[in-house]
Amino acid sequence: HIMERDLRQAIASGDFEIHYQPVVHLRTMKMTGLEALLRWRHAVHGMIPPSKFIPIAEEAGLITEIGRWVLRQACADASEWPSHLKVSVNLSAAQLAHGDIVEDIRTALSRAGLRPDRLVDEITESLLLTENAGTLDTLHRLKAIGVHIAMDDFGTGYSSLSYLRKYPFDRIKIDRAFVNS
């Protein structure tokens, strides 16, 4: 309950930060974009990793508001970068299930003046295991406006390769467990 209260205060106070991790094309070794990684700078506890606060934000119904902020900020930041760089933003299941993520993305792109093809929305493989027709429709609507779609952590949910044909993915990110061996 304390962390939920602190999360609500963090939203109001703007205590979140986005750190960016480079995305590099392996053949050319050139940077093609940056992935937005959310961090919470707590006044007392310092930097709190997303693994600690995202589940609480989802449970408390705060993730849509936080996700909207991340989208707006990441798009605004990317609008200042060289035009060949894309920005990747993770979307949660709650963002896809509640509210209108397509409109949130349109608004963020419009406010930032960022072309849709410079945004990559990442969804986790586990989100697809629910086999939700609404998720498929939403992903197709995002593709229709020009946004790129990436599957994050492929291989962790034991989904079949048929997902790669069914969903409109531009990129597949293989879970590190498969590449660290």
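Which residues in helix 3 are buried? The legends below take this up in a predicted model.

**View 1. Buried residues of helix 3.** The buried residues of helix 3 are Ile-63, Thr-64, Ile-66, Gly-67, Val-70, Leu-71, Ala-74, Cys-75 and Ala-78. Seen down the helix axis, these buried residues fall within an arc of 160 degrees, so they line one face of helix 3. The helix runs over residues 63-78. Its 16 residues reach 22 Å from the first C-alpha to the last, close to the 22 Å expected at 1.5 Å a residue.

**View 2. The largest nonpolar core.** This core has 44 residues, and Ile-105, Leu-119 and Leu-142 have the most contacts inside it. Helix 3 supplies the largest share of the core, with 7 residues. In soluble globular proteins, nonpolar side chains tend to be buried together.

**View 3. Surroundings of Leu-142.** With neighbours within four places in sequence left aside, Leu-142 is in contact with Leu-91, Val-102, Ile-105, Asp-121, Val-147 and Ile-149.

**View 4. Gln-95 in helix 4.** Gln-95 lies in helix 4, which spans residues 93-97. Its relative accessible area is 4%, under the 20% cut-off, so Gln-95 counts as buried. The side chain of Gln-95 reaches the backbone nitrogen of Ser-92 at 2.9 Å. Beyond its neighbours within four places in sequence, Gln-95 is in contact with Ile-63, Thr-64, Gly-67, Arg-68, Leu-71, Asn-90 and Ile-101.

**View 5. Confidence along the protein.** The mean pLDDT is 87, and 83% of residues reach 70 or more. Confidence is highest in strand 4 (residues 86-90), at a mean of 97, and lowest in helix 6 (residues 125-128), at 63.

Methods
Residues numbered from 1 in each chain as written. Predicted model: local features only at pLDDT ≥ 70, side-chain atom pairs only at ≥ 80, totals over all residues. Heavy atoms only, no water. Helix = DSSP H or I, 4+ residues; strand = E, 2+ residues; numbered from the N terminus. Buried < 20%, exposed > 50% of the residue type's maximum accessible area, 1.4 Å probe, protein only. Polar contact = N/O pair within 3.5 Å; in protein donor to acceptor, adjacent residues only side chain to side chain. Contact = heavy atoms within 4.5 Å. pLDDT = per-residue confidence, 0-100. Core = buried A, V, L, I, M, F, W, Y, C linked by side-chain atoms within 4.5 Å. Expected span 1.5 Å × (residues − 1). Arc of directions from axis to C-beta.
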